[in-house]
Amino acid sequence: MFTQQLLNALTLGSVYALFALGFTLVFGVLAVINLSHGAVFMVGSYAALTLVTRLHLPLGIALPAAMALSGCLGMAIDVLILKPLRARNAPHLIPMIATIGVAIMLSSAAQGIFGAEILRFPEGTIPAGEFTLGEVHVRALELSIVGISFGLMAVLFLAIRRTQLGRALRAIAESPRSASLLGINVEGLFHATSFVAAALGGVAGVLIGLNFNAITPLMGQPILHKGIAVIILGGMGDIRGALLAGLFLGFAEVMSKAYLSSQMGDAVAFGLLFLILLVRPSGLFGRVLERKA
Amino acid sequence: MSALLSVEDLAVNYGHIEAVKGIGFELEAGEITALVGANGAGKSTTLLALSGLLRPARGRVLFDGEDVTRLKPHQIVRRGLVQVAEGRAILATLSVRENLALGAYARRDPAGVAASLEEVFHLFPRLEERLEQKAGNLSGGEQQMLAIGRAMMAKPRLLLLDEPSMGLAPLLVQDIFRTLVAINRTGLTVLLVEQNVRQALRIARRGFVLETGRIVLEGSGDQLLGDPRVVEAYLGG
């Protein structure tokens with residue numbers, strides 16, 4: 001029973017981490033709390049569903065395609081909304097509010113196009129294979145979700161640690177002005193970061209849509225709250241922190257639902273987060289870093 | 001001799017203040033030129049405008065004949081006009097090695113980059129010893145070495161330095177200035193902005209004195225060092 005719950009927690013936690021990673025990446029590089037990240041997650045989910053139901057694409061193609069579409073949406077949000085705000089040096093709160101507007105627009109558009117009811121992937125789309133490992137029941141779907149999430153996170157982590165592009169992103173995170181004096185195209189990397197972050201958010205949406213087989217226009221809202229909690233717990237802008245905190249939230253939620261109260265899972269999980277923040281106000285990996293101009 | 005950089009009637013506003021009020025000067029290729037003046041005279045503002053970080057209200061900047069006035073900072077760097085910003089603007093959370101690697105961000109010639117790295121180690125052996133340390137953990141002098149070394153990694157044709165002596169002990173200042181002379185001997189053109197007027201004019205072939213946004217004096221380094229107005233205003237009589 002417990003190991004079964006561990007697997008559930010790992011599945012859920014890995015998707016939370018994936019979602020939060022994009023969220024924290026945008027915060028670290030663009031210094032914006034992008035509250036449309038949950039809506040992009042929702043759009044990713046609908047995109048995959050539409051590609052599967054309308055274009056009859058297999059999931060193996062629909063998933064990366066939905067990822068790319070979400071990425072384009074994220075980049076469009078940066079180019080059309082965040083960039084003009086940067087150009088006029090809008091105070092921090094303004095881009096955040098603007099992204100709330102984007103989120104509302106996207107979810108009401110989804111409601112207009114797809115209706116408010118829960119949509120599901122048609123039968124046969126989701127890999128149905130399963131096997132038993134000891135006393136644990138493993139679905140191929142869960143295994144794929146964990147594999148895809150960790151795979152993408154590993155690629156991102158290595159890219160940021162080891163490549164020149166990753167160093168450039170860390171330079172921007174510390175000081176956009178210093179970065180531009182090194183010949184780094186800061187605006188260009190803002191767009192690219194927005195693309196990657198939204199692509200990760202979109203893929204997380206597809207994975208959650210598959211895991212629960214339920215897609216709704218408002219599915220971005222609860223995950224957005226969890227994403228915020230995860231990046232605060234992990235330390236704002238910290239990638240390792242987002243990974244650990246995402247897994248932690250998955251575990252806390254699944255375990256409290258399984259052993260305490262099925263209704264109060266979120267209350268317990270968020271209560272725990274709150275307690276941790278009382279002890280470590282700047283999060284697991286939080287450093288108090290003043291950002292230079 | 002030809003001018004590598006010509007600045008024509010450059011005016012820059014900083015907020016609502018006209019910090020630079022229409023200045024013009026030329027930098028000869030291969031020379032060290034000093035732009036000196038008191039705090040708030042408009043020296044840093046001038047450099048920020050040259051690097052594209054501030055948009056001039058009017059005037060033109062020609063680099064090697066090309067109008068670079070409206071280019072973005074990264075495009076200006078890619079043309080070889082590289083600035084070491086004020087206050088040792090190293091990336092504190094990155095290692096020394098990563099800082100140096102980013103100096104060569106715009107370059108696509110790995111062999112040339114490796115050669116530049118050797119030159120930087122030759123100029124600043126300390127950096128090689130501290131390669132894997134976080135730049136934020138270096139001493140002030142080492143951070144300034146890193147800032148200059150990192151700029152050298154871009155293979156600049158014109159190096160702008162904003163107050164490289166700021167906050168450093170006198171012996172370190174001498175070291176840094178000696179290094180600038182050595183770098184200049186390899187043929188690199190240098191524009192040095194300094195409040196440390198005496199040291200700057202000693203190594204500069206030519207100098208300009210900036211006061212409240214205007215160039216009020218110019219001449220060879222030696223001339224300016226001997227000019228009674230400079231002596232009185234900047235060298236303490």
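Student: Which residue is the bridge partner of A3(B) in β2(B)?
Tutor: The bridge partner of A3(B) in β2(B) is E28(B). The model is predicted: local features need pLDDT of at least 70, side-chain atom pairs count only at pLDDT 80 or more, and totals for chains, interfaces and linings use all residues. Residues are numbered from 1 along each chain as its sequence is written, while chains are lettered from A and ligands numbered from 1 in the order in which they are written.

Student: How many bridges join β1(B) to β4(B), and how many join β4(B) to β5(B)?
Tutor: There are 5 bridges between β1(B) and β4(B), which run antiparallel; E8(B) stands opposite R60(B) in β4(B). Strand β4 (residues 58-63) of chain B is joined to β5(B) by 2 bridges, also in an antiparallel arrangement. In β5(B), D67(B) is the residue opposite L62(B).

Student: Why are β2 and β5 of chain B called edge strands?
Tutor: The sheet is open, with 4 strands in the order β2-β1-β4-β5 (chain B) and antiparallel pairing. β2 (17-28) and β5 (66-67) of chain B each pair on one side only, and they are the edge strands.

Student: What is the confidence in chain B and in the complex?
Tutor: On the pLDDT scale (the predictor's confidence in each residue, from 0 to 100), chain B has a mean of 94, and 99% of its residues reach 70 or more. For the complex, the predictor gives an ipTM of 0.93 and a pTM of 0.92.

Student: Why is chain B described as being as compact as a globular protein of its length?
Tutor: The secondary structure of chain B comes to 10 helices and 10 strands. Its radius of gyration is 17 Å, close to the 18 Å that the globule rule gives for 237 residues, so chain B is as compact as a globular protein of that length. The radius is taken over C-alpha atoms, and the rule is 2.2 Å times the number of residues to the power 0.38. The C-alpha trace of chain B spans about 45 × 40 × 35 Å along its principal axes.

Student: What does the same rule give for chain A?
Tutor: Chain A comprises 11 helices and 2 strands. Its radius of gyration is 19 Å, close to the 19 Å given by the globule rule for 293 residues, so chain A is as compact as a globular protein of that length. Along the principal axes, its C-alpha trace spans about 55 × 45 × 35 Å.

Student: Why does V279(A) count as exposed?
Tutor: A residue is buried if 20 or more other C-beta atoms lie within 10 Å of its own, exposed if 12 or fewer, and partly exposed in between, with C-beta atoms placed from the backbone. V279(A), found in helix α11 (residues 265-279) of chain A, has 6 C-beta neighbours inside 10 Å and therefore counts as exposed. Of the 293 residues of chain A, 48% count as buried.

Student: Which residues of α4(A) are buried, and what covers them?
Tutor: Among the buried residues of α4(A) are P95(A), A98(A), V102(A) and L106(A). Their cover includes α2 (37-53), α3 (59-87) and α9 (220-234) of chain A.

Student: How do you know that the span of α4(A) is close to the expected one?
Tutor: The expected span is 1.5 Å times one less than the number of residues. Helix α4 (residues 93-114) of chain A has 22 residues and reaches 32 Å from its first C-alpha to its last, close to the 32 Å expected. Just after α4(A), G115(A) takes a positive phi of about 85°.

Conventions. Pairing = 2+ DSSP bridges. Contact = placed C-beta atoms within 7 Å.
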